[in-house]
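Here is a short briefing to read alongside the sequence and the coordinates.

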Amino acid sequence: MEANKNTEGSFHLTGGDFTNAGAASSELKSILTNLNISPDIVRRAAIATFEGEMNVIIHAVAGVMYYLITPDCIKVVLNDMGPGIPDIQQAMREGYSTAPDWVREMGWGAGMGLPNMKKNSDEFRIDSVVGEGTTVEVIIKIKEDKTP
Amino acid sequence: MNIREVVDSLSLDVKTEKGDLGRTVTGCYISDLLSDVMANAKEGEVWITLQTHPNIAAVAALKNLACIIITNKRNPEEETLKKAEDERITVAVSPLSTFEVGGMLYTLLRC
Amino acid sequence: MTLGKVTEILEGEVVLNTGDMETEIPSACSTDLMSDLLHFSSRPKSLLITGLNNTQVIRTAEIADIKAVVFVLDKRPDREAVEMARQKGITLIVTRLSRFTACGRLYAGGLGSCTGENR
């Protein structure tokens with residue numbers, strides 16, 4: 001990767017759009033892979049991003065995923081218009097879910113989304129206003145590729 | 001083979017008290033989708049799943065399943081255990097993955 | 001265990017072969033819940049055994065670096081899922097066996113779990 005070169009962009013996310021769910025994360029994963037970032041880092045970033053994207057699609061009306069890739073780290077911010085989270089600590093508990101039953105039947109809603117995002121990132125921030133929406137920010141550090 | 005033997009062989013942690021551990025196990029069904037369990041699981045089977053919410057107790061009762069094993073260190077919700085106790089369904093947990101618990105139970109039930 | 005061996009043990013049908021059936025698969029995950037697949041896929045190039053056959057499974061599999069997906073109880077992936085798998089290089093296998101039998105046979109055959117414990 002060239003020093004001091006940044007890559008950034010954004011994706012619009014539509015709530016309830018399960019057909020395209022994951023497409024944004026998948027594309028970001030390709031971008032990261034093409035930048036020769038190590039596969040482990042790419043996987044972590046992809047998982048954190050994907051869970052964030054699914055949360056917007058499952059719970060919110062719409063959202064934006066913004067990404068910034070610097071030589072040192074990958075930053076992804078997910079900002080949505082949605083119900084917001086009344087109790088963030090509760091939402092961060094593994095297994096806690098407010099997803100409706102029909103979402104569970106699609107394989108989602110197991111209550112692992114936010115914990116997965118935190119587990120796969122180096123820095124994790126979440127803010128929410130009930131009735132307005134939620135913002136989640138993850139930062140994944142990029143290690144130096146050791147191969148000559 | 002009964003539930004107690006399954007619990008002992010797989011080193012499961014039983015979370016309920018009222019379930020009958022002497023109940024015979026007829027087989028095993030693995031699924032995390034409730035509609036799938038409703039359609040395909042059979043009476044007396046052990047149900048292995050990652051789901052922890054109260055609906056699993058209702059489904060297990062409806063299908064008259066032997067017991068529920070929750071894997072991957074997941075913990076059943078309070079409400080889930082309460083419903084299971086009401087229905088006298090045994091709920092046990094394992095720190096191992098579904099693949100491993102299912103694999104071990106397969107070998108166990110075949111002998 | 002190679003993908004070819006997996007198919008043989010599961011009496012499976014290869015619906016989509018995107019690579020080499022001699023590819024070595026070190027471990028397997030079995031779940032219908034996507035988040036759990038992401039939570040526990042610490043080992044890349046795993047096999048996923050599931051009863052869920054929608055496109056979400058393929059997307060999640062790609063994110064989790066899953067090499068191949070086995071659909072149980074003859075649950076065939078739809079055309080959209082197959083096409084997505086083709087683009088992402090994920091092999092698809094269908095077996096008539098239940099998830100229990102599929103896991104049982106592969107476990108007995110020596111396949112490890114994707115949670116990272118070596119056997």
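**The sheet of chain A**

Chain A has an open sheet of five strands, ordered β1-β2-β3-β5-β4, with antiparallel pairing. From one strand to the next, the twist averages 10 degrees. Please keep in mind that this is a predicted model.

**Pairing and helices in chain A**

- Strands β2 (residues 62-69) and β3 (residues 73-81) of chain A run antiparallel and are joined by eight bridges.
- Within this pair, A:Met65 has A:Leu78 of β3(A) as its bridge partner.
- Helix α1 (residues 23-34) of chain A lies across β1, β2 and β3 of chain A, and runs at about 165 degrees to β1(A).
- Helix α2 (residues 39-59) of chain A also packs on the sheet, where it touches β1, β2, β3 and β5 (133-141) of chain A.
- The direction of α2(A) makes about 5 degrees with that of β3(A).

**Chain B as a whole**

- Chain B contains five helices and five strands, and from the N terminus on its elements run α-β-β-α-β-α-β-α-β-α.
- A compact globule with 111 residues would have a radius of gyration near 13 Å, so the 12 Å of chain B agrees with that expectation.
- The C-alpha trace of chain B spans about 35 × 25 × 25 Å along its principal axes.
- Of its 111 residues, 50% count as buried.
- Taking contacts in chain B between residues at least 6 apart in sequence, 51% join residues at least 24 apart.

**The sheet of chain C**

- Six strands of chain C form an open sheet with mixed pairing, in the order β1-β5-β4-β3-β2-β6.
- At the edges are β1 (13-16) and β6 (112-113) of chain C, each pairing on one side only.
- Strands β3(C) and β4(C) run parallel, with five bridges between them.
- Opposite C:Leu48 stands C:Val69 in β4(C).
- A helix from another chain joins in here: α5(B) packs on the sheet and touches β2 and β6 of chain C.
- The direction of α5(B) makes about 95 degrees with that of β2(C).

**Helix α5 of chain C**

- The buried residues of α5(C) are C:Arg99, C:Phe100, C:Thr101, C:Ala102, C:Cys103, C:Gly104, C:Leu106 and C:Tyr107.
- In chain B, these buried residues pack against β2 (27-30) and α5 (98-110).
- In chain C, they pack against α1 (3-9), β2 (27-30), β3 (46-50) and β4 (66-71).
- After α5(C) comes C:Gly110, which has a positive phi near 105 degrees.

**Where chains C and A touch**

- This contact takes 17 residues from chain C and 19 residues from chain A.
- On the chain C side, α2 (34-40) and α3 (55-63) each supply at least two residues.
- By type, the chain C residues that touch chain A divide into eight nonpolar, four polar and five charged.

Notes: Residues numbered from 1 in each chain as written. Chains lettered and ligands numbered in written order. Predicted model: local features only at pLDDT ≥ 70, side-chain atom pairs only at ≥ 80, totals over all residues. Buried ≥ 20, exposed ≤ 12 C-beta atoms within 10 Å, placed from the backbone. Helix = DSSP H or I, 4+ residues; strand = E, 2+ residues; numbered from the N terminus. Contact = placed C-beta atoms within 7 Å. Nonpolar A, V, L, I, M, F, W, Y, C, P; charged D, E, K, R; others polar. Pairing = 2+ DSSP bridges. Axes fitted to C-alpha atoms, helices over the stretch in contact; angles between N-to-C directions. Rg over C-alpha atoms; globule rule 2.2 N^0.38 Å.
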